[in-house]
Amino acid sequence: PTPAASSSSRRKYVNFTGFPFPLTPLLSRRTTRKTLIEHVAWSFEQEQGIGFGLGVTTNVRMTVIRLNDGSLWVHDPIAPTEECVELLRELGGEVKYAVLSTTMYEHKIFAGPFQRAFKSCALWVAPGQFSFPLDLPNQFFGIFPSGTLGDARNPPPWEDEIESELLSLPALGYGFYRYNECAFFHKASKSVLITDAAVYVGDTAPDIIEERDLESLGSDECLTIRLLKFGNYRGGRNIASPQIPASERQARIANGWQRMALFSLFIAPDAKNILNPGTSFQGLANKFIVSPIVFLVVFQFYRAEVAAWARKVSEWDAERVIASHFPVPESASGKDFLAAFKWADTPDGVPAEYVDAKNDLASLNLVVRILGAINAVPKQEKQI
């Protein structure tokens, strides 16, 4: 077979699971590997989105740590394609442990397949795992845990090298939905690992995102912008946009990343900020932030619990913070991480990084109000 055909076959992975929509790509996932710390830590990334060609996509990251005995510890497995498995085996050492650090399905869906790919790997999972619309046991999804994160009665065998701090929040959605996330601290490399609680928004897109996709989204001729104009979403038909010419490819790529970041975080940001993303994007750029969907649907209702957890995580002597989405900054301290949670010390504050919160959060806020009306989430005491 040709190299292209060989690569394509090694990336095959079929996924039609997920509610209310499956996460794309549906049939093939490219994997990249990047060294974060020489001989110690690596980032494996794949693209992940909701499809439909609308630009709501980002990267999903699996982080791998080499333990003192030479074995490998895996944080939040990604799709174990043939390519991914080969890249992981190339590191050398037994894939001895893996952790599913969250209850969120975009990470959970890969845990069972990863266990099947590495049958001797012991998997530890965050408590409160659930599925929707039917709440089925872990075993139904091929997940057979060796232990539960945060269970002091059965501590993990790596706890002398990697500490953990569990955020466990009350159930939402009539008991179906529970946001739990476990943060980790690898002492030797002074690295904090988190999943969805916060992300670092860089000036440039993660390498796994294809430049052609960014260039397309950065153009006003792309499907997303055409649909926005056609439907006059939030008055977008009458808003001027950059109209970056095709000859300015790098400018289109930069504009495309800014739009993609806003879509990934706000899902449906305001039309003026889709068309001209600079102001909203710069409010988020080069810092850790709490994702708007996580803030609105979950964190805003449990400020004290989130603030206490963030403070504990920030007390680790970190030199880098690695999240499961978006880029990894060259260095970051606990103080940098904690700055994303200033709002949690207020009764009704919104993250300051959302510089046009009223407009960019409008669509998500409507969803949360509907959920509140049917008692699926607590009612907002103050409308944002």
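Are Trp124 and Trp158 buried or exposed? Both are buried (under 20% relative accessible area, with exposed over 50% and partly exposed in between; 1.4 Å probe, protein chains only). The model is predicted; local features need pLDDT of at least 70, side-chain atom pairs count only at pLDDT 80 or more, and totals for chains, interfaces and linings use all residues. Residues are numbered from 1 along each chain as its sequence is written, and side-chain values use heavy atoms, without hydrogens and water.

The structure holds 20 aromatic pairs (ring centres of Phe, Tyr and Trp, the last by its six-membered ring, within 6.5 Å; planes under 30 degrees apart are stacked, over 60 edge-to-face, the rest tilted). Trp124 and Trp158 form an edge-to-face pair, at 5.4 Å centre to centre and 80° between the planes. This pair links distant parts of the chain, 34 residues apart. Trp124 lies in strand E6 (residues 122-125), Trp158 in the loop between strands E7 (147-148) and E8 (162-168). Helices (H or I, at least four residues) and strands (E, at least two) are DSSP runs, numbered from the N terminus.

Phe185 and Trp316 are stacked, because their ring centres are 5.5 Å apart and their planes at 10°. Here the partners are 131 residues apart. Phe185 belongs to strand E9 (residues 180-186); Trp316 sits in the loop between helix H11 (303-314) and strand E13 (320-322). Phe185 is buried, with a relative accessible area of 7%. Trp316 is buried as well, at 12%.

One aromatic cluster is formed by Tyr179, Phe266, Phe295, Phe299, Trp309, Phe337, Phe341, Trp343 and Tyr354.

Phe16 is exposed, with a relative accessible area of 55%. Its place is in the loop between helix H1 (3-10) and strand E1 (32-37).
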